Each structure stands twice: as structure tokens, then as C-alpha cells.
Amino acid sequence: MGDNQAILKADGKDITMPVRSGTIGPDVIDIRKMYGESGMFTYDPGFTSTASCDSAITYIDGDEGVLLHRGYPIGQLAEHSSFMEVSYLLLNGELPSTPELSDFSRTISRHTMLHEQLMQFYRGFRRDAHPMAIMCGVVGALSAFYHDSTDIADPTHRKISSHRLIAKMPTIAAAAYKYSIGQPFLYPDNSLSYTGNFLRMTFGVPAEPYEVHPAVEKAMDRIFILHADHEQNASTSTVRLAGSSGANPFACIAAGIACLWGPAHGGANEAALNMLQEIGTPDRIPHYIERAKDKNDPFRLMGFGHRVYKNYDPRATVMQKTVREVFDALKVTDPVFEVAMRLEEMALNDPYFIEKKLFPNVDFYSGVILSAIGFPTTMFTALFALARTVGWVAQWNEMISDPGQKIGRPRQLYTGSAERDYLAIDKR
Ligand code: ACO
């Protein structure tokens, strides 16, 4: 490799491929012409070595534990910014001025209500339905209600649908929760902040005024910031793949929600808290660490390890600090926090975790905070989906606006039967 090109020797031929550089991060070998010239595909299940697109939104250096949104470090955004401001940044590329931010926040707040008919959908679900099952259905159904913003070739439609998705997600998630506990839905209150409004719709009741706890609002807003985007992760790639066929944005985000639901992705914070509760007391930790190391045991330390971070996940650092703030503000004492801290310490000193570069990820502590705030574990992934919607929408918009965009269509290494003749049933 050299002079901005890479040479592949295949079948006695030299195939030259351009090497492209980004602003920061590893170069990429552009293999688009490779099949045409060599007759061979590349093979990379799980995309461990494959960049699927150009993107100017989020940068991660997993070895160094760096996460930047539009160039700004996540730690700085979590400390000084707000979820609305980060949303503007992700969508537009720059931090907003004061009037730009208040304009944006006002626009989002004007889209928070759901079509009344859509509210009827909820009654079709069982009360014990998982909120993510409801979210997949209701978000997908948005495309049946907002026809005036589904023309993906029209930038105004794209903008309105993006705003609608960001604005309605808290209403949808809160209603999923309310439905599961048999309480009436609350309409949005646009005098509150994005996050304050969500807390009220979730924990308020029509019979009483609801006062947003400032420390909880701040912590929740920060949790939303930490989950807002994470470059080409599984759910974002799902949104892009769904969108590459020209599907409308509501359908694409519903696809992202479905992908996020899995325990290896967004479901991990639910799994991490369940695990911490199952461990229960610090003296039981060594047993679980041994299980995680045992190749014959499928158990893994949930909230540990990451496909990209081979260092401390920078979001986990902020999350750990936020746990303390929430616990102090709400005067909570929960043994799971103690278990989490001790487990982290023991795992980080264990050769197995050191050698495999397994560190706590964002999900390790988020469940502990969300539970202290009062969310049941089943809501954790729904909150992740709510916050990630802005990232999905920003990535979807970036893809649709790219003139070189093509339908996503991976190839395969076929390992099934070669061609054979059909056999009549009595001859099999
Ligand atoms: N506990 C114990 N061992 C682990 C863990 C873990 N949490 N994670 C990885 N390993 C081991 C694997 O057994 C494997 O060992 P081997 O090389 O001896 O076979 C090695 O580390 C590499 O693991 P892979 O699964 O190949 O790594 P991959 O990059 O594919 O997986 C993943 C990353 C899915 C996150 C994995 O670390 C995991 O399952 N973690 C627990 C679930 C979790 O916390 N997910 C949240 C991800 S963050 C997010 O979605 C926001």
C-alpha cells in the first residue's frame, strides 16, 4: 500500500484500488471496482473491517476512547450542552446561536402531540407488551398518519419528518409506559423542556400537578445526550439500509428500533441491571466473573465490552458520575451501585478482561440511574430509542442528501447445494 493506492494480488493479477483518507481516523481502501476487476467479493460478516459510507456526523476512536459529535468531545457536550442543542448540532453540523436554538426548540415543541387516532392504537396492545414492541408498531404507523412528510426527495418533507420523529418520540415512549401500568395518557406540556415534558408525561398523572425535579431533568437530559448518536452502529446501519431503498423515514426509524431492541445492542442496559440485581451482593461477584470467563458458559458480563471501544467507553465515565449526582439528589441508596463499582474494579484487574480489552460500556451504569429515577427495566431500551432517534434521523438525512447514494445490497459466499434437479415427492 502506498501513494494513496492499495494493490491486491489475486489470481496472478495486480488489482490497484484507491485509498481514501478522512479528516481523522483510519484510511479506507475503496474496493468498489474490485469485483469487476477480479471477479471476487470481499468477505466481512459483521462489518469488522468495512466502512459502509462517508459520514461527517460522529467520530469514534475506540482504542483511545474518543467520541466526537461534529468534532466536539462527548464529555464537553454532556457537561455544557443540552439535548436540544446536541440535536441541532447533529442535524445541522454546527452549534446553534441563541435564536437558532430557541427557534429549533420551539419547532420541536410544536410537533409533540400525536394524532388522536394514533393514540387509539395503544389499546390494541396487551397491557404487558414490551414498550419496544409498542414503539416498533407505533413509530412504523406514523407513516400512515403523516403523509405530508413522506416524500423523501423533498428536503422540506425530510425536515418536517425529522422534526416530527424527534418531537413525538417522548410522547410515544411515555404513552407506552402509561399503557403498561394502566394510567391515563398525558398530553405534552410545551411550556416544559424537551426532557422535562417527557418526565411529566411518564411520571405525572392528570389528577395532580407534576413538578420536574431539576437534578433528574439534568441527569435525564445528559443520558439523552450520551445516547444521541454513535456512528454506524447496528441500528443506525439498519436505518441507513432500510432508507437506501427509498423507504419513508418513519418506516426506517421503526426498523432501527427493532434492531436496537436486541440484548447485544440497546437491550444491554436492561440486561446489565438484571445481572447486577441477580449478583445482589459484592461477595457473589467472583462467581459471576468466573462464569463470564468460562468458555462453556454462555454468560457474559452485560455492559462490558464493545465492538469499537477497546478502552473505557467515554460515555461510561460520564454515566458513572451521573449515578452519584442522581443518588445524592434523590437520596437513594441502592446496593446495585456498590455491586457495579466493585464488579468494574474486579473485572478491570482481571487478566481475562485486560487481555481482551473489555471495559464498561455506556450501558453498565445507565440502568442503575434509570432505575433510581423510577423507570422499570423494560423502559430502558425505549429511552435509548428516544434519544438515538436524532442520530438515526441525522444519518438518514445525510445518506439521502448524498448524490452518490445507492441501495445497500451486500453479497455473500454461497455454501449451499450446487444446482440439482427437482425430485418428485415419492422419490425422496
Ligand atoms: N463478558 C465476557 N466475555 C466477553 C464479553 C463480556 N461482556 N464481551 C466479549 N467477551 C469476549 C468474547 O467471549 C470473546 O472471547 P474469545 O475471543 O475468547 O472468543 C472476545 O471477548 C471478543 O468478543 P466478541 O463477541 O467477538 O466481540 P464483539 O466485538 O463481536 O462484541 C459485544 C461486542 C457484542 C458488545 C460484546 O462485548 C458483548 O456481548 N457484551 C455484552 C453485551 C453489551 O454490553 N452490549 C452493549 C454494547 S454497547 C451498545 O450497544 C450501546
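**Helix packing and the ligand site**

Helix H9 (residues 214-226) packs with helix H14 (residues 314-330) at an angle of about 165°, and their axes lie 10 Å apart. Here helices are DSSP runs (H or I, at least four residues), numbered from the N terminus. Axes are lines fitted to C-alpha atoms over the stretch in contact, and angles between N-to-C directions run from 0 to 180 degrees. H9 and H14 are therefore roughly antiparallel to each other. Angles over 145 degrees count as roughly antiparallel, under 35 as roughly parallel, 65 to 115 as roughly perpendicular and the rest as oblique. The H9 and H14 crossing is left-handed; this holds if the near helix is turned anticlockwise from the far one by less than a right angle, and clockwise gives right-handed.

The model is predicted: local features need pLDDT of at least 70, side-chain atom pairs count only at pLDDT 80 or more, and totals for chains, interfaces and linings use all residues. Residues are numbered from 1 along each chain as its sequence is written, and side-chain values use heavy atoms, with hydrogens and water left out.

Helix H18 (residues 380-401) packs with helix H7 (residues 155-181) at about 165°, with axes 9 Å apart. H7 is therefore roughly antiparallel to H18. Their crossing is right-handed. H18 also packs with helix H11 (residues 249-260), at about 135° and with axes 10 Å apart. That makes H11 oblique to H18. The crossing of H11 and H18 is right-handed.

The ligand is surrounded by 20 residues, each with a heavy atom within 4 Å of it. The closest are Arg 300, Leu 301, Gly 303, Arg 307 and Lys 356. The shell divides into 10 nonpolar, 5 polar and 5 charged residues. Polar contacts are pairs of N or O atoms within 3.5 Å. A polar side-chain atom of Tyr 352 is 2.9 Å from a ligand nitrogen atom. His 265 places a polar side-chain atom 3.1 Å from a ligand oxygen atom. A polar backbone atom of Ala 264 lies 3.4 Å from a ligand nitrogen atom. The protein covers 74% of the 920 Å² of accessible area that the ligand has on its own (Shrake-Rupley method, 1.4 Å probe).

Methods
A polar contact is a pair of N or O atoms within 3.5 Å; within protein, one must be able to donate a hydrogen and the other to accept it, and residues adjacent in sequence count only if both atoms are side-chain atoms. Ala, Val, Leu, Ile, Met, Phe, Trp, Tyr, Cys and Pro count as nonpolar, Asp, Glu, Lys and Arg as charged, and the others, Gly among them, as polar. Helices (H or I, at least four residues) and strands (E, at least two) are DSSP runs, numbered from the N terminus.
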